[in-house]
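Subject: Structure for your review

Dear colleague,

Please find below the structure I promised to pass on to you. I would be grateful if you could look through it alongside the notes that come after it.

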Amino acid sequence: LRDECGVSAWALLQFVGDAVLVPAGAPHQVQALTDTVSVEQRFLSPENAARLREPSAGATGAARHLRGQVDAVIFSAVREAVGILRGCE
């Protein structure tokens with residue numbers, strides 16, 4: 001990939017208690033050297049929230065899931081703002 005696309009690879013060993021953060025959208029590959037349990041959490045960053053609101057054909061399940069998170073964040077913010085404003089009456 002380096003020659004074709006200018007993409008560099010990283011290799012690392014992860015030990016008990018270590019966490020690895022892979023940026024959203026970054027292709028990655030995992031090879032387990034022993035029996036292991038993998039836990040994945042999708043995270044919605046503020047930088048990507050606006051981009052997710054743009055309509056796109058063929059959105060993946062992950063994109064739909066993150067769009068739902070954006071909707072929940074907006075709803076929560078509006079609900080909190082309305083609650084604060086009601087307290088000012």
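The notes below go from the whole chain to single residues.

This is a predicted model, in which local features need a pLDDT of at least 70 and side-chain atom pairs count only at pLDDT 80 or more, while totals for chains, interfaces and linings use all residues. Residues are numbered from 1 along each chain as its sequence is written, and side-chain values use heavy atoms, with hydrogens and water left out.

The average pLDDT (the predictor's confidence in each residue, from 0 to 100) is 77 for the protein, and 73% of the residues score at least 70. The protein has 3 helices and 0 strands, where helices (H or I, at least four residues) and strands (E, at least two) are DSSP runs numbered from the N terminus. Among its elements, helix H3 (residues 61-87) has the highest mean pLDDT, 80, and helix H2 (residues 46-53) the lowest, 66. Where pLDDT is low, the predicted coordinates should not be read in detail.

Of the 89 residues in the protein, 10% are buried, where buried means under 20% relative accessible area, exposed over 50%, and partly exposed in between (1.4 Å probe, protein chains only). The protein exposes about 8,600 Å², of which carbon and sulfur atoms supply 58%; accessible areas come from the Shrake-Rupley method with a 1.4 Å probe, and for residues only the protein chains shown count as cover.

Two residues in the loop between H1 and H2 deserve a mention, Val20 and Thr36. Val20 is partly exposed, at a relative accessible area of 42%, whereas Thr36 is exposed, at 59%.

With best wishes
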